Amino acid sequence: MRAMVYRGPYKVRVEDKDVPSIEHPNDAIVRVTLAAICGSDLHLYHGLMPDTRIGHTFGHEFIGVVEQVGPSVQNLQVGDRVMVPFNVFCGSCWYCARGLYSNCHNVNPNATAVGGIYGYSHTTGGYDGGQSQYVRVPFADVGPVRIPDWMHDEDAVCLTDAAATGYFGAQLGEIAEGDTVVVLGAGPVGLVAAQSAWLMGAGRVIVVDHLAERLEKARTMAYAETIDYDEVDDVVVEMKKQTDYLGADVVIEAAGAEADGNFLQQVTGTKLKLQGGSPVALNWAIDGVRKGGTVSVVGAYGPIPNAVKFGDALNKGLTLRMNQTPVKRQWPRMFEHVRNGHLTPREVVTHRFPLEEIAEAYHVFSAKLDGCIKPVIVPDAA
Amino acid sequence: MTDPDIPSAYLRDKRTPPPSREELRARIPGWGADLDPADRPSYPKLQYPADTGAHWDFPERQPGSEGREHSIEHAFVTPVFGTAQPLHGLSGAIRRYAYARFSEGRLAHWLLLIVGDRVEAWGSTLRSFASGRPVPPATGLETEFTRGGLRSRRGRSDVRHQLLDPVVVAGPWVAGAGAAVLGVRKVLRSVRG
């Protein structure tokens with residue numbers, strides 16, 4: 001089969017690999033019909049994630065058709081069109097039994113601090129991902145869901161991570177009616193977080209970024225006010241001014257480890273790899289939220305320590321909430337919201353690449369060329 | 001009467017109340033559909049017992065766990081695991097040591113894994129020369145010309161640190177080439193005399 005393959009930092013290409021096989025009785029093999037590149041894939045691409053091995057196939061956002069099932073699979077059949085949460089999870093450990101699917105303890109031998117994720121290095125379990133023609137899906141009775149007939153494929157692929165993470169991020173913010181919510185980052189996660197904040201009763205939603213096309217999308221897709229941090233001297237002061245010097249009631253940090261806005265943090269965090277990423281947005285969140293407010297963190301960071309202003313978080317009495325998203329838990333409600341048009345995930349998709357052009361797709365997305373917000377990968381388009 | 005110049009932060013209540021429900025519902029599709037915090041999918045944080053579809057108490061163990069690296073914070077190799085890219089060579093030895101010796105709580109664990117990553121990447125690059133299909137220092141760069149590299153970056157503040165990308169990407173190659181030249185010169189001088 002053809003698959004995206006990592007060849008070192010800033011180097012990916014498509015190569016021939018063996019079609020994956022059933023390795024556990026509850027495995028399925030899925031033929032991928034649509035995949036996406038996530039902003040967090042760029043952390044791997046840039047060499048930020050420890051134990052990212054040469055030959056690894058990325059991709060934790062994908063949908064496809066079941067090609068083969070293991071002998072213990074009961075809930076799926078060959079030919080089913082399925083969407084697969086980015087979490088690999090068993091459904092039966094202490095964490096899964098309580099709905100914390102992203103924290104599953106039975107699928108990632110390489111680390112206890114993070115669960116299993118498709119195509120996201122060996123630090124998350126060593127599973128090849130879905131930017132390929134076929135992928136192994138463990139615990140087929142637990143993770144995948146048949147795609148509803150009415151659902152658009154691009155909505156479905158966004159729901160496997162980015163959209164679910166945006167919705168989850170808004171929930172972590174514990175938004176109360178009338179709250180002022182600031183979303184840091186107008187990427188796919190931030191845009192859906194901004195839409196979701198309204199569903200939870202926000203009285204005002206402000207999105208911060210510096211890319212014109214993303215800020216425009218925040219205004220049209222999420223009805224948000226926007227701040228271009230390149231246009232203001234100090235974005236934290238701007239957040240204070242815009243909230244009558246209180247600060248936001250809730251800040252959703254949807255930028256993660258490669259946040260721009262501070263040269264020193266960018267260089268030490270993402271170029272020199274001296275931190276687990278650049279915590280610019282996290283620090284803006286801590287400084288920009290009001291005292292006693294809530295910071296929701298859904299931007300992804302690596303396991304290496306970061307220069308985070310924890311003292312300010314303490315002194316301000318903040319509530320910090322975060323997790324990798326337990327995706328499947330979000331789906332029933334999100335399906336309703338997508339069906340009735342309250343959430344519109346596929347609006348974030350701007351670029352479509354055949355799998356054979358994966359190197360081009362990564363560079364365009366990484367360098368944010370051509371107004372790229374979300375690229376999807378079509379394995380059979382060539 | 002409070003001085004209208006005093007911002008909300010210094011007063012008991014916000015000066016500007018949020019828009020009314022009616023106004024927000026008219027302007028925002030679905031506003032308030034998830035208004036009740038207790039009715040949101042992630043509330044409460046722990047939902048026991050979750051209906052997951054699992055029909056086992058503990059999953060059947062996947063074969064092949066013998067010798068597989070695992071975090072020493074785990075009691076054993078988890079019953080299901082990824083089998084992509086097993087450890088091999090020098091990078092594999094470095095990574096195996098990182099897993100066997102240091103917990104996830106130790107910085108040495110992660111730094112050794114990154115060293116393993118770089119060793120493997122350099123080895124892969126060198127082997128690619130011999131394979132006849134060398135991997136360039138970076139891929140996809142042609143899109144700088146086909147997808148508006150200059151146009152897309154105009155006025156963006158991140159250009160400042162993007163200028164460092166060529167240094168980060170090509171720096172090890174330049175340093176390696178320089179070291180190779182110096183080494184060859186030293187050998188030639190010693191041979192000559």
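**Figure 1. Surroundings of A:Val207 in the predicted model.** Beyond its neighbours within four places in sequence, A:Val207 contacts A:Val183, A:Ala186, A:Gly190, A:Ala194, A:Leu215, A:Ala218, A:Ala222, A:Ala224 and A:Thr226. The view takes in this set of partners around A:Val207. As the model is predicted, side-chain atom pairs count only at pLDDT 80 or more, and local features need pLDDT of at least 70.

**Figure 2. The largest nonpolar core and its most connected members.** This core has 147 residues, and A:Leu184, A:Val205 and A:Val207 touch the most other members. Helix α4 of chain A, residues 188-199, is the greatest contributor to the core, with 8 residues. The core lies between domain 1 (2-161 + 326-378) and domain 2 (166-322) of chain A, because both domains give residues to it. Another core, of 7 residues, lies apart from the largest one. Its members include B:Tyr99, B:Trp110, B:Leu113 and B:Ile114.

Figure 3. The domain assignment divides chain A into domain 1, made of 2-161 and 326-378, and domain 2, made of 166-322. A distance of 25 Å separates the C-alpha centres of the two domains of chain A.

**Figure 4. Packing of helices α6 and α8 of chain A.** Helix α6 (residues 235-242) and helix α8 (residues 280-288) of chain A pack at about 35 degrees, and their axes are 9 Å apart. The crossing of α6(A) and α8(A) is right-handed. On α6(A), the contact involves A:Val235, A:Val236 and A:Met239, and on α8(A) it involves A:Trp284, A:Asp287 and A:Gly288. The residues in the contact of α6(A) with α8(A) divide into 4 nonpolar, 1 polar and 1 charged.

**Figure 5. A:Gln242 in helix α6 and A:Tyr245 in the loop between α6 and β13 of chain A.** A:Gln242 belongs to helix α6 of chain A. A:Gln242 counts as partly exposed because it has 19 C-beta neighbours inside 10 Å, and a residue is buried only with 20 or more. A:Ile227 is 15 residues from A:Gln242 along the chain, and the C-alpha atoms of the two are 9.7 Å apart. A:Tyr245 sits in the loop between α6 and β13 (248-253) of chain A. Although A:Tyr245 is a residue other than glycine, its phi is positive, near 70 degrees. With 15 other C-beta atoms within 10 Å, A:Tyr245 is partly exposed.

**Figure 6. A:Phe139, a non-glycine residue with positive phi.** The phi of A:Phe139 is about 50 degrees. A:Phe139 is located in the loop between β8 (134-137) and β9 (145-146) of chain A. A:Phe139 is buried because 31 other C-beta atoms lie within 10 Å, where 20 or more are required.

**Figure 7. The side of chain B that touches chain A.** In this interface, 80 residues of chain B contact 82 residues of chain A. Helices α3 (107-131), α5 (149-153), α6 (159-162) and α7 (165-192) of chain B each give at least two residues to the chain B side. The largest share of that side comes from α3(B), with 8 residues. The side of chain B that touches chain A comprises 34 nonpolar, 27 polar and 19 charged residues.

Note on methods:
Residues are numbered from 1 along each chain as its sequence is written. Chains are lettered from A and ligands numbered from 1 in the order in which they are written. Axes are lines fitted to C-alpha atoms, for helices over the stretch in contact, and angles run from 0 to 180 degrees between N-to-C directions. Helices (H or I, at least four residues) and strands (E, at least two) are DSSP runs, numbered from the N terminus. A crossing is left-handed if the near helix is turned anticlockwise from the far one by less than a right angle, and right-handed if clockwise. Two residues are in contact if their C-beta atoms, placed from the backbone, lie within 7 Å. Ala, Val, Leu, Ile, Met, Phe, Trp, Tyr, Cys and Pro count as nonpolar, Asp, Glu, Lys and Arg as charged, and the others, Gly among them, as polar. Domain bounds come from an automatic or database domain assignment. A nonpolar core is a set of buried Ala, Val, Leu, Ile, Met, Phe, Trp, Tyr and Cys residues joined through C-beta atoms within 7 Å. A residue is buried if 20 or more other C-beta atoms lie within 10 Å of its own, exposed if 12 or fewer, and partly exposed in between; C-beta atoms are placed from the backbone.
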